[in-house]
Amino acid sequence: MNTELITAIQDTFKEKFGDNYLMVSSPGRINLIGEHTDYNEGFVFPAAIDKGIITAIGKSDSETCSAVAYDLKEQFEFTLDEVEAIPKGNWRNYILGVVGELQKKGIEVPPFNVVFGGDVPNGAGLSSSAALENSIAFGLNELFGLGLTKHEMILVSQKAEHNYVGVRCGIMDQFASMFGEENQALLLDCRTQTATFYPIDFKDYELMLINSNVSHNLVENEYNDRRQVCEHVAQLLDVPFLRDATEEDLLKVKSQLSEADYQKALYVVQENDRVMKFAKAIEDNDVEQLGTFLLEAHQGMQHQFKISCDELDFLVEQAKAHPSVAGARMMGGGFGGCTINIVKKDALEDYAKTVTENYKNTFGIDCSVHFVKLSQGTHLIN
Ligand code: GLA
C-alpha cells in the first residue's frame, strides 16, 4: 500500500474540506491473456494490482460538489442538477459519468467532495480509469448507504465509460479492479460475469511489465471500430456475440467479409480459445506453454486484429530473442502502453537492462520496467 500517497490525499482533503471523509483504495489491473474478448462475451484473465487510485470522499455542506485531481493539481466544481459530459473533460468525465449513471438508475446522490490521486504509471494501459470510476461508485455507496452490490457498481462504472467517456468498453477492467484478490488472477466469463480465481505463482519465473511509453492513434475510435466489426460479423452469423462462433462458422461467411474483417473476427474466436488453454497450462504449471500462448496472442493482435504498433512489436521481438523470457505480448486496448512478459527470476535484471538499452537505441525514448503484486480489489482503507 502506498502510504505516502494515502497521506497526501488525506492531507489535501482535510485542508480543503475538513475532517469527515472515507478513504477508498481502488486498484488498476493487468491482463494475463484475452484482449478484446470481453465485449464479445468471451473469456479474459485479468488481476488487480498493487497500484491504482486512492480517494478521499466526504459529504459537502453546500449544494456544490468539488473534485480534486491531486496529481494534476486541478479542481472543478459542479452541481447535481446538471450532470453532463464535458467535451475534452478528461478525468472529470469519469466522476460525472458515475454520478450521472447512478442518477439514471433513479438513485439520488447528495452533494459530495472528493480528492483522488494515483500511482499507476501514466498511459500504461493499466486501467486507472476503471480504478477511478470504481472508487467513486464504491465511495458514494459507502458514504450515502446507497445499498448497491459490487456487481451493480461495476455496471455503473462501465456505463460511465460508454456514455461519458465514449469508449464502448467491455467489463474486464471494472470487474478486475473491483473483485481482485491478493496473489490471484481471475478467469472471467464475461457472459455470466462470474470468475474463477487462480493462485498465481510462476515458480522460477516472474511477471514483468514493460511500458513502451507511447500512445498512438485515436484509441477511442480504433477501439469502437473493432467492436463494431465484431458485432457486424456476429450479426451475419446470426449469433448474439462472437463468443458463440467457431472457426468453421466464420468460414461460412468469409466471402461476405473483407479479408481484414474476417481476420479480426478470427482473432477473437482464437483468442477466446487461447484463454481457456492458458488456464489449463496454469493448472499444469507449464510456464513454457504459457509463454507460447502469449507470443501467439501477440501475433494475433499484430497481424489479425491490428492493434499493435512498432514499439510494442519491438518489445515482443526482444522477448523472443532472449533465452530467459518464456513469452510476451502487448496488453490492453492497444496502440501503446505495456507488454506483459514472463521472465526467469535470475535474469530479470539482465533482461531489463538489455531491453531498455535496445529500446532507447532504436526509438530514442525510454521504456520503463515495472513489477506488480496481484492485490485486493476496491476497498475501504481504515
Ligand atoms: C480496454 C477495455 C476493456 C478490454 C480491453 C481489451 O482495457 O476497457 O474492456 O476490452 O481494452 O482487452
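Biologist: Into which domains is the protein chain divided?

Modeller: In this predicted model, domain 1 covers 3–199 + 375–381 and domain 2 covers 205–370. Their C-alpha centres lie 26 Å apart. The contact takes 33 residues from domain 1 and 41 residues from domain 2.

Biologist: What is the area buried between domain 1 and domain 2?

Modeller: About 3200 Å² is buried there, and carbon and sulfur atoms give 62% of that area. The size of an interface is often given as the accessible area lost when the parts come together.

Biologist: Why is the meeting of Asp189 and Arg243 called a salt bridge?

Modeller: The distance between the two side chains is 2.9 Å, N to O. The cut-off is 4 Å between a side-chain nitrogen of Lys or Arg and a carboxyl oxygen of Asp or Glu, so the pair qualifies. The count between domain 1 and domain 2 is four salt bridges.

Biologist: Which elements give two or more residues to the side of domain 1 that touches domain 2?

Modeller: Strand E1 (22–31), strand E2 (43–44) and strand E7 (184–189) do. The largest share, three residues, comes from E1.

Biologist: What makes up that side of domain 1 by residue class?

Modeller: Its residues divide into 14 nonpolar, 12 polar and seven charged.

Notes
Residues are numbered from 1 along each chain as its sequence is written. This is a predicted model: local features need pLDDT of at least 70, side-chain atom pairs count only at pLDDT 80 or more; totals for chains, interfaces and linings use all residues. Side-chain values use heavy atoms; hydrogens and water are left out. Domain bounds come from an automatic or database domain assignment. Contact means heavy atoms within 4.5 Å. Buried area is the accessible area (1.4 Å probe) that two parts lose on being put together, summed over both. Helices (H or I, at least four residues) and strands (E, at least two) are DSSP runs, numbered from the N terminus. Ala, Val, Leu, Ile, Met, Phe, Trp, Tyr, Cys and Pro count as nonpolar, Asp, Glu, Lys and Arg as charged, and the others, Gly among them, as polar.
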